[in-house]
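Subject: Handing over the structure

Hi there,

Here is the structure I promised to pass on. Please have a look at it first, and then read my notes below.

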Amino acid sequence: MTRCAAILFALLLAGGSILADAAVHDARAQNAADPSEWMLQFLGQAAHQTEAAYKALKAETHLGHVGGALPEILYEAHRSYVNGHGPAQGYEIVSEQTLGHRLRRVTAVMHYPKHPQLFVADFYRQTPAEGWNLIALRIETNSLNFPWQDLPKDEPVAAAAGEERRAAR
């Protein structure tokens, strides 16, 4: 393992994040019709066929074409997380944001028995007639680094339940 890969792997084990970023656009690399659908398919495969999912990430996406060894680093990070937390028990899209007409961010959570894992994927398209290309993928395991400010605001269900418990005493 190269020194850079070892450092990135150590960051993940310490509860950090790994970010893969692609700077050059290549429309042939992916052209997904819907970023959220792509993310759901990726997570479904990653939950049950982890190695195959990351091989496809490298072979079929813009990020894989320009990201060098980054898909392999993401795979190792994901695999070590599964080894430490058990198999994934589900996944869901929790946010989809747009920045203009050409950038979209999809945030998803993969659920494990004791701890979640957050996936943040950025997509870009050159024109509205083209599909979306994955340009960045981040796997976040430290909940302190989750982008809470970017997620939709929900009703404070837990706080309301706690207030009811106090009132019942």
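What follows is a short tour of the aromatic rings, the nonpolar core and one histidine.

A word on the ground rules: this is a predicted model, so local features need pLDDT of at least 70 and side-chain atom pairs count only at pLDDT 80 or more, while totals for chains, interfaces and linings use all residues. Residues are numbered from 1 along each chain as its sequence is written, and side-chain values use heavy atoms, with hydrogens and water left out.

Let's start with the rings. Searching the whole structure turns up 6 aromatic pairs; rings of Phe, Tyr and Trp (its six-membered ring) pair if their centres lie within 6.5 Å, and planes under 30 degrees apart count as stacked, over 60 as edge-to-face and the rest as tilted. One of the pairs is Trp38 with Phe42, which is stacked, at 5.3 Å centre to centre and 5 degrees between the planes. These two are separated by about one helical turn because they sit 4 residues apart in helix α2 (residues 35-48). Helices (H or I, at least four residues) and strands (E, at least two) are DSSP runs, numbered from the N terminus.

Another pair, Tyr54 and Tyr75, is tilted, with 5.9 Å centre to centre and 55 degrees between the planes. This pair links distant parts of the chain, as Tyr54 is in helix α3 (residues 50-60) and Tyr75 is in helix α5 (residues 70-85), 21 residues apart. Ring pairs join Trp38, Phe42, Tyr54, Tyr75, Phe119 and Phe123 into a cluster.

Next, the core. The largest nonpolar core has 26 residues, of which Phe42, Tyr54 and Phe119 touch the most other members; such a core is a set of buried Ala, Val, Leu, Ile, Met, Phe, Trp, Tyr and Cys residues joined through side-chain atoms within 4.5 Å. Its largest share, 6 residues, comes from α2.

Finally, which helix holds His78? His78 lies in helix α5, and it counts as buried because its relative accessibility is 0%. The side chains of His78 and Tyr54 are joined by a polar contact of 2.8 Å (a pair of N or O atoms within 3.5 Å; within protein, one must be able to donate a hydrogen and the other to accept it, and residues adjacent in sequence count only if both atoms are side-chain atoms).

Happy exploring!

How values were computed. Buried < 20%, exposed > 50% of the residue type's maximum accessible area, 1.4 Å probe, protein only.
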